[in-house]
Amino acid sequence: MTHVTPLKGARERRVHTGGVELCVAELGDPRQPTVVLVHGYPDSKEIWSEVAERLAGPCGLHVVLYDVRGHGRSTAPRPLRGGFTLEKLTDDFLAVADAVSPDRPVHLVGHDWGSVQSWEFATVQRTRGRIASFTSMSGPSLDHFGHWINARLRRPTPRRVGQLLGQGAKSWYVYLLHTPVLPELAWRGPLGRSWPKILRRVEKVPGGDYPTPSLPRDAAHGAWLYRDNVRSRLRRPLTDARAHVPVQLITPVQDAFLSERLYDDLDQWVPRLVRRTLPAKHWIPRTRPDQLAAWIAEFVTANEDGLPQPAATGAYADRFAGQLVLVTGAGSGIGRATAFAFAEAGARVVAVDRDAEAAARTAELALPLGAPAAWAEAVDVSDEQAMEKLAEKVAAEYGVVDVLVNNAGIGLSGSFFDHSVEDWKKVLDVNLWGVIHGCRLFGGQMAERGQGGHIVNTASAAAYQPSRALPAYSTSKAAVLMLSECLRAELAGQGIGVTAICPGFVNTGITSTARFAGVDAEEEKRRQKRTARLYGLRNFPPEKVADAILRAVVRNEAVVPVTPEARLFHAMSRFTPRALRRLARVQPRL
Ligand SMILES: NC(=O)c1ccc[n+]([C@@H]2O[C@H](COP(=O)([O-])OP(=O)(O)OC[C@H]3O[C@@H](n4cnc5c(N)ncnc54)[C@H](O)[C@@H]3O)[C@@H](O)[C@H]2O)c1
C-alpha cells in the first residue's frame, strides 16, 4: 500500500460525538472564515490535502477537515448497521463545527458522499445559522435525487426515460454496495489492492501517494453509508428539502458515476444557486485543486461580505466560468469576438496573435467583460518552436487549457496557376500547421491531464465548397476539417471533444489582409477593397460565429456550418454534390 499525503502543518484534535471519536485537522488562521471540507467514499480527509493547502495558504482561510466516522483515523460506530444514518452524520458535523468555530457559521464543502451528507446539513432545520455557504461536488441530495426519479416515473417522456436509464447505468456500484459481505470481501481483497492503479489509470488521479493505508477498512465501513440511507431516502424523499444556505454546485462533466442531468431540477430546491462546470472526471479534489480552491475562496468571500454571489453574466457562465480558454488569432475578427464571448462567460482567457498589440488589446478589453484573468501572447502559430515555448509557458503559469480555439488564419485568392510555391507554403503553414501545432501541444497536455476538454478548429465553408478562386485556402481548410474529424475520433474516449467551425462570409478584417495571387500590388489593394465592400454588405458579424463556437463546445458538435450560405453549401455537399461542382465552375473569381 502506498503512503498518505500528509496535511503539512495541520493541527489535530479529537472530537467526541455519539459514541465515536472524530479525527479533526485544522490549517490556517482560526480568526479567518472557517471552511469545513467533507470527504467522500472510499476516501479520507487527505483527499483534500492540495485544496486545503491552497485555501489556508494563498487564500488565507481557516480550513478544517475531518475523517468521517469509520474512516481514516476516526473510530467506527458499534454496531455498524444503523451507525451511518444522515441524522448521525449531521450530529458529527455539528460537533465539529461547534469545536472549531463556535461563534461563526462555517462554509461547508463536500465531495462525493461528503457532498451527499452535506446536502442533509444544508437542508435540515437544526443546522440553521451554523452554515454560511455550501459548495457541492459530485454528490446530490438523496431527497432531490428521489424527487428527480419520481418526476421522471410520473411523466416518462422518451427523453426523461433516457435520463433515468443513463443515471441507472452509472449507479451500478450502488446496487453492489447494497449486497451483504461482498463489498467488504472485495475491498479487503483484490479491489483494495488494485484501487490505486484504478485511480491512476482510469480516473487519471496523479501521483502514487493515495489512497490511505486504511482504505480496505474505510471502504468496508463506508458501504454502510449506502445501506443505511440510499434505499429509504430514494423511496421516501423528504418533501421539505430546500437549502437554507447559498449553494455553489460544481459539476465535472466526465463524472463516471453521476449524470449532469441529475441537477436539472435543482433550482426548485435551492433559491440561491451558482452553477459551475468543469471538464474533469470524478476525483476533482485531486485532479483540479487549483480551480476548486479558487472557486471555493470566491464563494466564501462573496458570502462572508454579504456581497451578491458571482452573477451568471454571459449565457454560458455556468459552463465556462473559471475555465482556461486559449484562442489563436485573437487580435481581430472571429478570434477576438470568441475571446470576448468566453470572457463574458467568466473564463480565463489567453489571447494569442502574431500581432502583439492586437492581442494585448483583446486581453485588456476581456477583463471588464467578466474574465477573471486575461493574458496576451505574441506568437506566430506557424512557428513550431514558438508554439512549443508558448505551450510550456501556458502550462507552467496558467495551467492546462480547458478549451483550445485554433482560429488564426490567412486568406489567399487567385487561380491555381497564379499561386507560387511560396504562396502555398504560407497558407498551409498558418492555416494547417498552426492548427496541427495547437492540437499537438495543447491537445497533448489536455489528453495527458486525462480530465477532458475541448478543441475548436476554425475551418471554413470553403472546406467543403470547391471554388476556382481559393485553391490553396480551401485545401488548407478541407485539411483542417478532416484533421478535426480524425482527432475527434481519437480523443472521444478521453472525453475531449473536437469541433470544426465552418463559417461562410463573415465581416472581419480578413478581407483587407487577404492576399491575391498573380496581380500587382495596386490591383491587390483594389481587390481587397472590393471584397471588403462585399463582405460589409453581407455584414454577418463575427460575434455570431463566437456564439456558435461556445454552443458547439457545450453540445460537443462535430462540424458546425455558420451563416445561411455555409449551411446551404454543407447540405449541397452531402445531398447534391454535382450541383455544388457546377456552381464552382461558374462562380466569379474575386
Ligand atoms: N471572415 C470570414 O469570412 C471567414 C470565413 C470562414 C473562415 N474564416 C476563418 O476564420 C479565422 C479567423 O479569421 P477572421 O475572419 O477573424 O480574420 P481576421 O484577419 O480578422 O483575424 C485573424 C487574426 O489572426 C491573426 N493571425 C494571422 N496569422 C497568424 C499567425 N501566423 N499567427 C498568429 N496569429 C495570426 C491576425 O493577426 C488576426 O488578428 C481564420 O482561420 C479564417 O480563415 C473566416
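1. In this predicted model, a backbone N or O atom of V381 lies 2.9 Å from a nitrogen atom of the ligand. A polar backbone atom of R354 is placed 3.2 Å from a ligand nitrogen atom. On the side-chain side, Y473 brings a polar atom to 2.6 Å from an oxygen atom of the ligand.

2. The protein buries 95% of the 820 Å² that the ligand exposes when taken alone.

3. The ligand is surrounded by 28 residues, of which S332, I334, D353, Y473 and T508 are the closest.

4. Turning to the nonpolar cores, the largest has 86 residues, and L55 and W113 have the most contacts inside it. Helix 2 (residues 86-100) supplies the largest share of this core, with 8 residues. A second, separate core has 39 residues, including L390, Y398, A408 and M446.

5. Leaving aside residues up to four places away in sequence, L55 touches V35, L37, G60, L61, V63, A293, I296 and A297.

6. Is H221 buried or exposed? Its relative accessible area is 6%, so H221 counts as buried, the cut-off being under 20%. H221 belongs to helix 9 (residues 215-235). Its contacts, again without residues up to four places away in sequence, are G70, A76, R78, L80 and F84.

Definitions and conventions: Residues are numbered from 1 along each chain as its sequence is written. This is a predicted model: local features need pLDDT of at least 70, side-chain atom pairs count only at pLDDT 80 or more; totals for chains, interfaces and linings use all residues. Side-chain values use heavy atoms; hydrogens and water are left out. Helices (H or I, at least four residues) and strands (E, at least two) are DSSP runs, numbered from the N terminus. Buried means under 20% relative accessible area, exposed over 50%, partly exposed in between (1.4 Å probe, protein chains only). Contact means heavy atoms within 4.5 Å. A nonpolar core is a set of buried Ala, Val, Leu, Ile, Met, Phe, Trp, Tyr and Cys residues joined through side-chain atoms within 4.5 Å. A residue is near a molecule or strand if one of its heavy atoms lies within 4 Å of it. A polar contact is a pair of N or O atoms within 3.5 Å; within protein, one must be able to donate a hydrogen and the other to accept it, and residues adjacent in sequence count only if both atoms are side-chain atoms. Accessible areas come from the Shrake-Rupley method with a 1.4 Å probe; for residues, only the protein chains shown count as cover.
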